[in-house]
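Welcome! Here is a short briefing to read alongside the model, with the main points grouped by topic.

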Amino acid sequence: MRYRLTFFAGLALGYVLGTRAGRERYEQLKKSARRIAENPAVRNTAETAAQQGRVYAGKAFHTVSDKVGDRVPESVAQRVRSLRNLNGTPEDDWGTSNT
């Protein structure tokens with residue numbers, strides 16, 4: 001109950017402060033957020049982080065698949081394959097992605 005009360009109090013406080021700041025402050029925040037997002041250093045860092053995430057996800061996939069092996073039910077394996085195909089990730093003959 002205490003956490004709910006704290007959450008709603010914070011929500012109400014944020015709403016009140018946000019409405020008092022008004023549209024002008026909102027536009028200022030939006031403009032500065034856009035400027036930060038367009039910064040080449042920020043974009044490079046975000047792309048590097050995304051690439052590292054893909055690498056680690058691939059390693060984790062191979063580690064888990066090596067440990068689990070054929071114990072995954074075929075229905076689950078088929079669902080994973082269909083999700084990969086929806087995302088446009090090509091698969092090789094072994095059913096793993098070529099990324």
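K30 and E27 both sit in helix α1, 3 residues apart, which is about one turn of the helix. These two residues form a salt bridge, with their closest N and O atoms 3.9 Å apart; the term stands for a side-chain nitrogen of Lys or Arg within 4 Å of a carboxyl oxygen of Asp or Glu. Please keep in mind that this is a predicted model, where local features need pLDDT of at least 70, side-chain atom pairs count only at pLDDT 80 or more, and totals for chains, interfaces and linings use all residues. Residues are numbered from 1 along each chain as its sequence is written, and side-chain values use heavy atoms, with hydrogens and water left out.

**Salt bridges**

- A search of the whole structure gives 3 salt bridges.
- In the K30 and E27 pair, K30 is partly exposed because its relative accessible area is 33%, and E27 is partly exposed at 31%. (Buried means under 20% relative accessible area, exposed over 50%, and partly exposed in between, using a 1.4 Å probe and protein chains only.)
- Another salt bridge joins the side chains of R54 and E47, at 3.1 Å from N to O. R54 has 46% relative accessibility, so R54 counts as partly exposed, and E47 is partly exposed with 45%.
- R81 and E74 also meet through their side chains in a salt bridge, at 3.2 Å from N to O. Here R81 is partly exposed, with a relative accessible area of 28%, whereas E74 counts as exposed at 52%.

**Helices**

- The protein chain has 3 helices and 0 strands, and its elements run α-α-α from the N terminus on. (Helices, H or I with at least four residues, and strands, E with at least two, are DSSP runs numbered from the N terminus.)
- Helix α1 covers residues 2-38 and spans only 41 Å between its end C-alpha atoms, while a straight helix of 37 residues would span 54 Å at 1.5 Å a residue. (The expected span is 1.5 Å times one less than the number of residues.)
- Where does α1 bend by about 95 degrees? The bend is at G22, taken as the angle between axes fitted to the seven residues ending there and the seven starting there.

**An aromatic pair**

- The structure holds 1 aromatic pair. F7 and F8 form this pair edge-to-face, 5.4 Å centre to centre and with 70 degrees between the planes. (Rings of Phe, Tyr and Trp, its six-membered ring, pair if their centres lie within 6.5 Å; planes under 30 degrees apart count as stacked, over 60 as edge-to-face and the rest as tilted.)
- F7 counts as exposed because its relative accessibility is 52%, and F8 counts as partly exposed at 48%.

**Surface and confidence**

- Of the 99 residues of the protein chain, 3% count as buried.
- The mean pLDDT of the protein chain is 80, and 86% of its residues reach 70 or more. (pLDDT is the predictor's confidence in each residue, from 0 to 100.)
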